[in-house]
Amino acid sequence: MFHDMTDCFTCPSDHYPNTDQTSCIPKVVMFLSYEEPLGIGIAICALSFVLITALVLRLFVKHHNSPIVRVNNWSLTYTLLISLLLSFLCPLLYLGRPEKVICILRQSAFGITCTMAVSAVLAKTVTVVLAFKATQPGSTLKNWLGRRLASSIILPCMIIEAVISIVSQAIFPPFPHAAMLSRAQEIILECHEPSTTMMYCEVIYMCFLTIVSFTVAFLARKLPDAFNESKFITFSIFAYSCIWLAFLPTYLSISRKSTVVIESLSMMFIQNYQHVLALEFAIKEINENPQLLPNITLGFNIYDSYLEAKGAYQATLQLISTRERFVPNYKCDNISNLMAVTEELTSDISRQIVDILGLYKILQLVFGSAAVSTDKNQAITVYRGEPNGVHQYRGIIQLLLHFNWTWIGFITTDEMNLQWFRKAMFPEFSRNGICFAILESFSSLAVDKEETALEFYNKVMNHKVHVLIFYGDISSMLCLRWLLNTGRKGTNHKPRGKVWILTTHTDLIYSTSYDDCDIQDFHGSLSFAIHSHELPGFQDFLQSRNVSSSKEDGFIRVFWESAFQCTFSSSPNNTKRAACTGEERLESLPEYIFPMSFTGQSYTIYNAVYAVAHALHAMYVSNSNNRAKMEGERRRFQNQQPWQLHHFLKMVSFNNSAGDQISFHQNGESVAGFDIINWVTFPNQSFVKVKVGRLDPQAPPHEVITINEDAIVWHRWFNQARPLSVCNDNCRPGYSKRNKEGEPFCCYDCIPCPAGKVSDQKDMADCFACPSDHYLNKDQISCIPKVVVFLSYEEPLGIGIVICALLFVLVTALVLMLFVKHHNSPIVKVNNRSLTYTLLISLLLCFLCPLLHIGRPEKVVCVFRQSAFGITFTMAISAMLAKTVTVVLAFKATQPGSTLKNWMGRRLASSIFLPCVITEAVISIVYQAISPPFPHADMLSTAQEIILECNEPSSITTYCELIYLCFLAIVGFTVAFLAQNLPDAFNEAKFITFSMFAFTCVWLAFLSTYLSIRGKNLVVMAVLSILASSAALLGFMFFPKCYIILWVPQLNSREQLRKWKL
């Protein structure tokens, strides 16, 4: 539609593409309306028939006492006329836009009115039969005659039809429906019938009544009654049956128109105490190592921010102040020789520490959740003791892609982290096909309000997304736990299972408060941790740790009481706890309270201390020329400024005691990887951490992430099946994606491929059309080659038609031979035997015509097919017409003074026969000259077939031929009907009347089918029509005569035929 579109799109269901596929055109709404010519014509015809019926009814009422009205039960006559009047009104229900009430009334009105008419006809016929029987001696049938008899027939028939209609409306009521797929360029408004079973039930029931009526009337046609209606009933029921038998194949083939409280800080201290011990263990090892900073002792101070801005700024200013007095920026007392600071950045507040210390060029090794910034203008004094957070997020992307999680949520602690994520990482997630259902920070939440917790819970935990990324630290993790537990209490919904992906430094903390700090929401979570190794001597260092041997440790007593749930006698804490002995063993604590193995953060602190030590050692060695100057250099070393250490720290590269290489990139980032941890929680609030994978940013792309999926324990909600986190299921083949308005790009609707299009892969952006010689399979997931179809001699239908045609040819030839043999007999001579021979030869040729319709269409066959059909049938009909006219003129010629005797004989027959045939020959020649038919492969009419057919470029000539034939048949029928009562023993008018009537019915039925079907079915219908109409002419015209010639030859004389009534 526009230039340079990246993709094509499918038109809406109520539009269709134009020929050039450059725009969508609205489909035309179609229904049979009162405004179109066809609707107007039907309405006029219906109202005309209503008027005629009303006039007939009035006429019969006016002459109700006349014998012709009274003798055949005038009450039944009135019932029949009223039912016919209602039947003529029924078509008006089929005009106009379908409405619910109209759809309901349409079928019922049709069934009931037609049943009334047919049952009334049946009652009239039975009345005739019983009236005759009642006249016989001793008959008791007189008691049944009258209204009692009529009611006993009409009422049961009507009741059965009413039951069928009521059941149909109760179970499968029709309703208005817009069919958008039946036609490419139209929306067809129709009354949709949920089940065609009831429709068939009604038609079958009426056919049953019709057959019964026809049978009774046929048997009663010769009863000696001057007002016997059986002959009329036979004719009317026969015509009625022909019309509805023609309707059934049309009905089957045409379209519908054509038919969070925060945890106490003591628990956080337990979690962080290993960091303190890692720092002390590293300093101890360095001071005991004679090869590293000999004759120099390192010390350290630990400050706590208490998770507030005031504490963070005060601790920072104490670092640059004197020991005894809080006087920042002055050297008026003993001052520590501060060379480096290792700090954990956990919040927006702690991030300001970097700016303050940066003013003094103090070397900072940072780690923590706030260390993700990639600001190029950040002070060069800052080094990251762990990999850049960007690498962690890229690892998360690889993890999400590994599990095919494309629809996730992201929650962080503060708005600054969220804004950084939106700017730096959001595009990268999007490029990898991952979108976000939730982007939330809770730094502004009032964590003391339950309403806030409930709102947060409903927004996050009740969301359909199954995977949530949480970026924060220990304190924010406690806040998150409070929000989840408090929110859960305020809702009645069963909590949904989530897979939490936790970033580094986001650890669970064991809590003894079960009610407020349940951790089951995090069961099965995955977290990233700084890669760590066990260090030699660290376990011995921890096992030797106790209160009595670590009196210089100012934290140990607080940790001991919290970890072992005991109280020292000198402690002002709760005396209800057991007394602490001080000899408890750290290795006796569970892993979730105090891990004996190195954690990632402790490992980072250990390596950071060693990095500073190696940088100090390098600076120390560079300033030392020889050992004689060592003492002086030591004093000079104490006077070194912190900023002088940066050059050496950049160049640091060493292997720690675990064998890992420690170094920094040019941008001050540590080179390390991440471990992937699976959290398994238990009802007693304990948990274990299981290493299930590794993330190595330096590895080749296909080896960046390794994971043991079998070792992962998922949340109980998922029943240990891999969770799915997609906005919607993948679009299966046969469907295409359509983005939802206002939703992320990974949220889309799967819409079935439109008619004529297919998709053979998952999540296809658009469907495509099969080649013209292929068709869609049922599920629209593949293209299947179309089958080449034509009416062949090898299929059962073709064989059957050939057999029937040849059989009729044989019968016709035998009849011709019989007539030639008995050419001098009166029954052959009396009705112009030359015309009889001409008629038989033309019928023989008519029976051969179907053979031209069988087999693969060829050019020559296509040319001869239509012409042979038209000429042979014209010969037959014109011969019939000539015979009929001969009968009429023969009678007229016997009148005194008539000059018609001169026209009798071959001259009369030729003057009728030849012009009719010549006219048809001219039509055929013009047809072949202007638009000759040719072989054509029709790939569009049916979905699964290529129909080989003779294409007729213009249907006008076909209509001309059919109309011409019907005209001749109607003329012949009319003349024969008028001549049926002429006093001639050999009068064939009655036979011609019946044969012409049957011929006309067959071809009128064919015309309605010709307008609705195509391809092979059309050929079959044409062949069957040819055979049926030819057989009707042969049967009605010649079988009675053959009967006389073969079985009652004594009647084949002029004297006897005058006495014999056919």
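## Exercises on helix contacts

Helices H14 and H15 are roughly perpendicular to each other. The model you see is a predicted one, and the exercises below start from this pair.

**Exercise 1.** Find the angle at which the axes of H14 and H15 cross, and explain why the pair counts as roughly perpendicular.

*Solution.* Start by locating the helices: H14 spans residues 450-460 and H15 spans residues 474-489. Next, look at their axes, which come within 8 Å and cross at roughly 90°. Angles of 65 to 115 degrees count as roughly perpendicular, so H14 and H15 get that label. Now see who meets whom: Glu450, Ala453, Leu454, Phe456 and Tyr457 from H14 face Leu480, Trp482, Leu483, Leu484, Thr486, Gly487 and Arg488 from H15. Sorted by type, the contact of H14 with H15 has eight nonpolar, two polar and two charged residues.

**Exercise 2.** Work out how H21 and H23 are oriented, roughly parallel or roughly antiparallel.

*Solution.* Take H21 (residues 796-821) and H23 (residues 833-848): their axes cross at roughly 165° and come within 8 Å. Angles over 145 degrees count as roughly antiparallel, so H21 is roughly antiparallel to H23. The crossing is left-handed. On the H21 side, the contact includes Ala805, Phe808 and Val809; on the H23 side, Thr836, Tyr837 and Leu840 are among the residues. In total the contact of H21 with H23 has 15 nonpolar, two polar and no charged residues.

**Exercise 3.** Decide how Leu845 is classed: buried, partly exposed or exposed.

*Solution.* First, find Leu845 in helix H23. Its relative accessibility is 32%, so Leu845 counts as partly exposed. Finally, trace from Leu845 to Phe873: they are 28 residues apart in sequence, with 8.6 Å from C-alpha to C-alpha.

Methods: Residues are numbered from 1 along each chain as its sequence is written. This is a predicted model: local features need pLDDT of at least 70, side-chain atom pairs count only at pLDDT 80 or more; totals for chains, interfaces and linings use all residues. Side-chain values use heavy atoms; hydrogens and water are left out. Axes are lines fitted to C-alpha atoms, for helices over the stretch in contact, and angles run from 0 to 180 degrees between N-to-C directions. Helices (H or I, at least four residues) and strands (E, at least two) are DSSP runs, numbered from the N terminus. Angles under 35 degrees count as roughly parallel, over 145 as roughly antiparallel, 65 to 115 as roughly perpendicular and the rest as oblique. A crossing is left-handed if the near helix is turned anticlockwise from the far one by less than a right angle, and right-handed if clockwise. Contact means heavy atoms within 4.5 Å. Ala, Val, Leu, Ile, Met, Phe, Trp, Tyr, Cys and Pro count as nonpolar, Asp, Glu, Lys and Arg as charged, and the others, Gly among them, as polar. Buried means under 20% relative accessible area, exposed over 50%, partly exposed in between (1.4 Å probe, protein chains only).
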